[in-house]
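Dear colleague,

Please find the structure below, handed over for your use. A summary of the findings follows it.

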Amino acid sequence: MRQLYIKQKVFSLSGKFTVKDQHEKDMYYVEGSFMQVPKTFSIMNTARDEVAHITKKVFSFLPKFLVEVNGRDVLTIKKEFSFLKARYTIDASGIEVHGNWWDMDFQVLQHGKIVGKVGKEWFTWGDSYKVQIIDEEMETIIIALVVAIDCVKADQAAASSAASI
């Protein structure tokens, strides 16, 4: 089982951060588009080859985020119509998320088998997540899923703060 850590820089405008292993070695680089439509995130390996891509769909009634891994669509996170509280669904064939994914405390299952676990690290500066990879073949998908969920949360927070102005 491999452990990875995602720590975002609090004041990073461009959305650049790294995914490190337990020895603080860089494993993935994440770069978000800044002031660009559509909003995108690229996840690159240590050779700086893109292994995953996240795009916020622009022309959609409700927010929708598309996740590609190695050039193929893997999952979609979309907001559901709800009056009281924001509700999102994760749509992916064979992949399920169990637990409280909004608070970043969940398990990732593929065909009913746990392939990864994600937990928020508390008392840190910025958002930090501990990602346990049980099935290493699923590593890129799990990292892309965590980054996509965090992107959805940041988008929701930005929409909430804009609505309160």
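**Salt bridges and strand pairing**

Arg48 is partly exposed, with a relative accessible area of 43%; buried here means under 20% relative accessible area, exposed over 50%, and partly exposed in between (1.4 Å probe, protein chains only). Please note that this is a predicted model, in which local features need pLDDT of at least 70, side-chain atom pairs count only at pLDDT 80 or more, and totals for chains, interfaces and linings use all residues. Residues are numbered from 1 along each chain as its sequence is written, and side-chain values use heavy atoms, with hydrogens and water left out.

Arg48 forms a salt bridge with Glu31, their closest N and O atoms being 3.2 Å apart. The term denotes a side-chain nitrogen of Lys or Arg within 4 Å of a carboxyl oxygen of Asp or Glu. This pair links distant parts of the chain, 17 residues apart: Glu31 lies in strand β3 (residues 26-32), and Arg48 in the loop between β4 (40-44) and β5 (50-57). Helices (H or I, at least four residues) and strands (E, at least two) are DSSP runs, numbered from the N terminus. Glu31 is partly exposed, at 29% relative accessibility. The charged end of Arg48 also sits over the ring of Tyr29, 3.8 Å from its centre; the criterion is NZ of Lys or CZ of Arg within 6 Å of the ring centre and within 35 degrees of the ring normal.

The structure holds three salt bridges. Another of them joins the side chains of Glu139 and Arg2 (2.6 Å, N to O). Here too distant parts of the chain are linked, with Glu139 in helix α1 (residues 139-163) and Arg2 in strand β1 (residues 2-7), 137 residues apart. Glu139 counts as buried at 6% relative accessibility, whereas Arg2 is partly exposed at 22%. Asp26 and Lys20 also meet through their side chains in a salt bridge (2.5 Å, N to O). Asp26 is partly exposed at 23% relative accessibility, and Lys20 is partly exposed at 25%.

Strand β10 (residues 105-110) pairs with strand β9 (residues 95-100) in the antiparallel sense over six bridges; strands pair if DSSP finds at least two bridges between them. Phe106 in β10 is the bridge partner of Gly99. Four residues lie between the strands of this hairpin, where Met104 takes a positive phi near 60 degrees. β10 is also joined by six bridges to strand β11 (residues 113-120), running antiparallel, and Asp105 stands opposite Gly119 in β11. The hairpin of β10 and β11 has two residues between the strands, and His111 in its turn has a positive phi of about 50 degrees.

Yours sincerely
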